[in-house]
Amino acid sequence: MSESDIADSWSSGVVVDILIHDSDDSQSPRADPPMEQQKVVAAAQVQAPIISSYNHKIRPLLDAIDSLRVLNVMKEGIQLPTIVVVGDQSSGKSSVLESLAGISLPRSPGICTRVPLIMRLKSHRSPKPELHLEYNDMNVPVEESDIVAAINVATDELAGSGKGISNTPITLVVKKDDVPDLTMVDLPGITRVPVHGQPQNIYEQIRDIIMEYITPEESIILNVLSATVDFSTCESIRMSQMVDKRGQRTLGVVTKADRAPEELLQKVNANDVNIGLGYVCVRNRIGDESYEEARREEARLFQTDPYLSRLDKSIVGVPVLAKKLVEIQQKIIAGCLPVLVKNINDKLSANVSELETMPKSLNSVADAMTAFMRIIGAAKESLKKLLFRGEFDEYLDDPTKHGTARLVEMLNEFSAKLQNSEESDPKKDFLVEEINALEDAKGIGLPNFLPTSAFLRILQRKVDQISIIPIEFAEKHWDYIDKMVTAVLMRHSEIYYQLKVPTNRAAHKLVEKAKEQSINKVKEFVQMEKFTAYTCNPDYMMEWNKLMAQQDCFVNTLYTAITNVYGSCSWVRVEGIGDIEVQHLRQQPRQVVQQAFDLKMRVTAYWKIVLKRLVDFMALHLQYSVHSLLNNGIEEIVNELMGSDGHGIEKMLVESPAISEKREKLKKSIKQLNESKEVVTKVMDKIAGYDDYRFFAS
């Protein structure tokens with residue numbers, strides 16, 4: 001076969017997108033038996049029928065995927081069908097790449113590819129090749145003889161002159177006659193032990209890059225393996241098995257077949273490492289062989305070797321590999337197109353919706369005022385839902401914002417604290433305070449009248465003792481309201497970063513003002529309770545009568561116990577109060593005890609009214625105060641932000657850099673997604689018109 005024949009077979013359609021992970025390839029000496037010319041010709045032409053038959057139909061699919069890559073659709077989280085080539089160092093992977101691409105790559109004893117190298121080979125009829133490198137937003141023309149040197153210069157610029165790696169890509173575009181239309185991305189290769197000048201975590205860096213590309217389900221893993229090693233020990237096999245346990249998207253390429261022919265036959269037949277897509281065995285170019293000579297030597301090897309000749313001809317040779325890649329690529333692309341359409345549409349809809357929810361650019365004070373009033377209105381509605389209506393749909397996962405529930409909890413806690421206070425325990429020092437108050441209130445008058453001053457004295461002291469409790473409750477309540485108002489306002493104004501600080505300050509100032517007014521009102525109410533004793537609640541008289549019904553029994557029991565069994569009775573039970581220690585009362589005159597008991601029961605009955613009235617007042621007062629705050633007071637935020645000169649609202653005209661950047665990013669993304677959608681739709685329409693469309697979907 002002539003060199004032009006081989007070129008024709010390539011240009012007839014070996015087209016595939018490949019990502020390559022580089023390793024160093026050792027060169028083996030040539031020691032092959034004589035060649036059988038006829039068998040070589042037959043083997044070298046093995047790929048021609050299917051490629052020539054479907055080239056014009058496969059080409060639109062590959063053009064579409066290439067267009068999507070140029071549009072950076074993968075940055076939108078949309079995966080593209082890709083063949084990823086992986087292999088351990090010295091597996092012969094670089095030589096496989098050169099055999100498929102027909103182009104020389106940088107070679108060195110260490111890692112020769114230190115940045116992603118995107119190679120786009122395009123066949124065209126011009127006799128003069130056109131080559132250029134693209135990196136750092138530059139387009140640098142390159143002579144064909146200077147490709148390796150130019151790549152090395154660009155690599156040093158991106159990754160430094162040492163031995164480190166970088167994730168910034170270089171694109172090499174090659175347009176020349178008799179090359180396949182082929183896109184390849186050559187990535188830094190697998191190395192386990194860092195050499196001098198490399199970072200200690202070089203393996204982890206490279207591993208992360210490889211895993212990023214082989215993990216997506218859309219990726220086909222082309223695993224290059226040396227026939228001289230145990231496949232199960234290969235790092236590339238271990239990585240591929242991590243993401244493709246069944247091997248359903250893994251194809252094995254075995255190199256250096258001439259070095260271990262007997263072992264190769266056993267390994268391929270056994271398939272111990274679960275290569276689901278099968279194997280292709282190849283012989284790479286050695287030394288200064290031309291590509292034509294290399295293919296002839298490969299065909300002769302697999303025809304004449306006593307072991308390798310027993311391999312099925314459908315799994316040997318670079319031409320077979322090219323054919324297999326074409327078939328795999330067209331099927332995976334065609335199979336992914338419907339999913340691509342859906343993913344692009346979903347992402348496009350999400351981005352359009354997000355852009356629509358972003359604030360419109362404010363170009364005038366009128367626009368800014370309208371936007372701000374919309375923020376205030378939305379915040380008021382949210383607060384009413386949270387604090388009054390018990391609607392928590394905006395904060396389902398944040399119980400701290402469930403206002404009605406939290407306010408009830410605080411009110412119940414306040415009530416319990418009042419009920420459990422020391423002043424609410426009538427058993428303590430029973431009648432002692434009452435006896436002292438009656439003693440101090442003595443005056444000229446009828447003996448069967450209780451002095452009002454004694455009642456008020458006890459009442460005022462008790463109110464003083466618990467007066468801090470409603471004030472603390474009011475402070476706690478308003479602190480919660482402050483947090484709620486601030487959080488809701490911040491949420492509704494977050495897109496206007498320039499408003500956050502002044503809005504937060506104005507909201508806090510507003511709530512502090514309401515808090516101060518509220519606490520003054522609470523203090524006033526507490527003073528009212530001390531000023532006079534009054535209630536029209538019938539529960540007071542009912543409770544007093546119930547307690548007083550036990551007066552005679554209490555007094556008789558107290559003094560009977562003293563007379564008959566002195567010192568044997570220290571406790572007396574009074575229903576509604578409990579067991580009372582009475583030893584300290586025995587020396588008091590009966591009339592004094594009777595009057596003190598009456599006064600105690602009046603205070604006890606009235607104290608229950610006072611506590612209930614405090615709880616009721618606090619509930620009604622605080623609810624109404626918050627209602628007034630939302631309906632009237634929150635408008636003060638507008639005045640606060642506008643300022644005394646009325647120009648404060650103009651600050652809203654300055655858009656946040658982050659918001660502006662996000663808006664432009666969304667617009668750019670939507671534009672790219674629309675273009676991507678158009679690309680995929682066109683190719684879908686085109687292949688749908690083919691008579692043999694099932695070929696693409698099979």
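Visitor: Ala, Val, Leu, Ile, Met, Phe, Trp, Tyr, Cys and Pro count as nonpolar, Asp, Glu, Lys and Arg as charged, and the others, Gly among them, as polar. On that basis, how do the residues lining the largest pocket divide?

Guide: The lining has 15 nonpolar, 9 polar and 6 charged residues. This is a predicted model, where local features need pLDDT of at least 70, side-chain atom pairs count only at pLDDT 80 or more, and totals for chains, interfaces and linings use all residues. Residues are numbered from 1 along each chain as its sequence is written, and side-chain values use heavy atoms, with hydrogens and water left out.

Visitor: What volume does the largest pocket have?

Guide: About 980 Å³. A pocket is an open set of points on a 1 Å grid over the protein atoms alone, where a 1.4 Å probe fits and protein lies on both sides within 12 Å along at least five of seven lines; lining residues have an atom within 4 Å of a point. The volume is the space filled by probe spheres set on the points, which are joined across faces, edges and corners.

Visitor: Which residues lie nearest its centre?

Guide: Arg69, Asn72, Lys75, Ile118 and Pro169, out of 30 lining residues.

Visitor: And which element gives the most to that lining?

Guide: α3, with 3 residues. Helices (H or I, at least four residues) and strands (E, at least two) are DSSP runs, numbered from the N terminus. α3 (48-70), β2 (82-87), β3 (117-123), β4 (130-135), β7 (182-187) and α6 (202-214) each supply at least two lining residues.

Visitor: Stay with α3. Is Ile65 buried or exposed?

Guide: Ile65, which sits in helix α3, is buried, with a relative accessible area of 0%. Buried means under 20% relative accessible area, exposed over 50%, and partly exposed in between (1.4 Å probe, protein chains only). The C-alpha atom of Ile65 is 9.5 Å from that of Ser676, a residue 611 places away along the chain.

Visitor: Now β3. Which strand does it pair with?

Guide: β6 (residues 170-176), running parallel to β3 and joined to it by 7 bridges. Two strands pair if DSSP finds at least two bridges between them. Arg120 has Val173 of β6 as its bridge partner. As for cover, 5 of the 7 residues of β3 are buried.

Visitor: How many bridges join β4 to β6?

Guide: 5, and those two strands run antiparallel. Leu131 is bridged to Val174 in β6. β4 also has 4 bridges to β5, again antiparallel, and there Tyr135 stands opposite Met138.

Visitor: What lies between β4 and β5?

Guide: The two strands form a hairpin with 2 residues between them, and Asn136 in the turn has a positive phi of about 50°. Asp137, in the loop between β4 and β5 (138-141), has a positive phi near 60°. Asp137 is exposed, at 85% relative accessible area.

Visitor: Where does Asn274 sit?

Guide: In the loop between α8 and β10. Asn274 is not a glycine, yet its phi is positive, about 60°. With a relative accessible area of 34%, Asn274 is partly exposed. Just after α8, Asn271 takes a positive phi of about 50°.

Visitor: Which residues of α8 are buried?

Guide: In α8 (residues 261-270) they are Pro261, Leu264, Leu265, Lys267 and Val268. They pack against β9 (250-255) and β10 (279-281). An α-helix has 3.6 residues a turn, so residues three or four places apart point the same way.

Visitor: And for α7, what do the buried residues pack against?

Guide: β2, α6, β8 (219-226) and β9. The residues concerned are Glu235, Ser236, Ile237, Met239, Ser240 and Val243.

Visitor: What is Ser236 in contact with, sequence neighbours aside?

Guide: Beyond four places in sequence, Ser236 is in contact (heavy atoms within 4.5 Å) with Val86, Gly87, Asp88, Ile190, Asn223, Val224 and Leu225. Ser236 counts as buried because its relative accessibility is 1%. Its C-alpha atom is 9.7 Å from that of Arg207, 29 residues away along the chain.

Visitor: Last topic, the whole chain. How many helices and strands?

Guide: 22 helices and 12 strands. Of the 698 residues, 49% count as buried. Among contacts between residues at least 6 apart in sequence, 81% join residues at least 24 apart. The accessible surface comes to about 33800 Å², with 52% of it belonging to carbon and sulfur atoms; such areas come from the Shrake-Rupley method with a 1.4 Å probe, and for residues only the protein chains shown count as cover.
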